[in-house]
Amino acid sequence: MSAERRFLRPFALTQGRAAAVIDLPLDAIVTSTDRARHLAHRMVAERARIVQLCAEPHSIAEIGALIGVHLGVARVLVADLMASEFVELSTADFDDDGPDVSTLERLLDDLQTF
Amino acid sequence: MISRRSDRPASAVPASPHDGADHFAAANALDGRRSTNPSAPAPAGITPLKVVVAGGFAAGKTTFVDSISEITPLTTEAPMTQYSVGVDNAGAVSTKTTTTVAMDFGRLTLSATTMLYLFGTPGQDRFWFMWDELTRGAVGAVVLVDTRRIADCFGAIDYFERRRTPYVIALNRFDGVLAHPVEEVREALAVAPEVPVVVLDARDRESTRSALIALTRHAIARKSGR
């Protein structure tokens, strides 16, 4: 129990809401919706900053680094914004052992012409 | 005198108590609920790809990332206390500490639909658990080697071999020179003949790009051969 409590403390920013927490990869790309950007001025600071930052696509890792919160907190905030349909998420649909051959071949082409 | 990976006791890398486990999901599943399929592609349709950049302390990981990243490398942090409970069997780190695991990373937009992220591994061995998160779903890994301190990368090689993650060995030239010839290093590292060994200057973008191309080719060969 005490371990759980220790774990929960960093999530005070999320107003204690634990619902909608999903397994967000740290390279998942987050993009905010138009509606969210219109409503950003009414959101609490961290949520508003994520919405504004993600007018351009940013990964969970970038959000954590740029907003100045730990990864776990960034995940919860993003999950919360997803639940309100304020952000959209784009993730790689790979197995744990990485991209398929056609994705890798596209990557190779991109790297060679880059 | 060159260190040899085969000279070490097999236990040099602690058997991870959490192989295959999903720590971040476990840590995040506050309500005990598991993933609700986060992999449905969003309209944005951007595919994030990631490469892990590993190597010993001061082997040039951040320099490597910086040389090709379109953004100044960022540092993302996770508090150790979230993950150390029941994970850090080494006992070297008290769960009472507020140790933070920090990872440097960079980004490369390759096309309208592809973003490549380069994640440097946290330097210290006690952060092995963090590597699982970084390695899961990755294209593969670049293991940077300072040929003056070859033994520093043994742990990383052991890790990627155990996980069957495609990796390339990148010998970083410091001051333009290698302390040992490539073949001597390859032998000391005892890596399989198909593992590419490239020589690079981590400060140089072209050099870095070549290493990423070698890694991608190797990953394709590995996947095609299966």
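View 1. In strand β2(A), Ser59(A) is the bridge partner of Ile29(A). This is a predicted model, in which local features need pLDDT of at least 70, side-chain atom pairs count only at pLDDT 80 or more, and totals for chains, interfaces and linings use all residues. Residues are numbered from 1 along each chain as its sequence is written, while chains are lettered from A and ligands numbered from 1 in the order in which they are written. Strand β1 (residues 29-32) of chain A and β2(A) run antiparallel and are joined by 2 bridges; two strands pair if DSSP finds at least two bridges between them. The open sheet has 3 strands in the order β2-β1-β3 (chain A), with antiparallel pairing. Its edge strands, β2 (58-59) and β3 (87-90) of chain A, each pair on one side only.

**View 2. The elements of chain A.** Chain A contains 6 helices and 3 strands; helices (H or I, at least four residues) and strands (E, at least two) are DSSP runs, numbered from the N terminus. From the N terminus on, the elements follow the order α-β-α-α-β-α-α-β-α.

**View 3. Packing of helices α4 and α5 in chain A.** Helix α4 (residues 60-67) of chain A packs with helix α5 (residues 71-83) of chain A at an angle of about 110 degrees, and their axes are 9 Å apart. Axes are lines fitted to C-alpha atoms, for helices over the stretch in contact, and angles run from 0 to 180 degrees between N-to-C directions. The two helices, α4(A) and α5(A), are therefore roughly perpendicular to each other (65 to 115 degrees). Ile60(A), Ala61(A), Ile63(A), Gly64(A) and Ile67(A) in α4(A) meet Leu71(A), Ala74(A), Arg75(A) and Val78(A) in α5(A); residues are in contact if their C-beta atoms, placed from the backbone, lie within 7 Å.

**View 4. Packing of helix α6 of chain A with helix α7 of chain B.** Helix α6 (residues 101-113) of chain A and helix α7 (residues 205-225) of chain B pack at an angle of about 160 degrees, with their axes 9 Å apart. This angle makes α6(A) roughly antiparallel to α7(B) (over 145 degrees). Among the residues of α6(A) in this contact are Leu104(A), Leu108(A) and Leu111(A), and those of α7(B) include Leu212(B), Ile213(B) and Ile220(B).

Technical notes:
Angles under 35 degrees count as roughly parallel, over 145 as roughly antiparallel, 65 to 115 as roughly perpendicular and the rest as oblique. Two residues are in contact if their C-beta atoms, placed from the backbone, lie within 7 Å.
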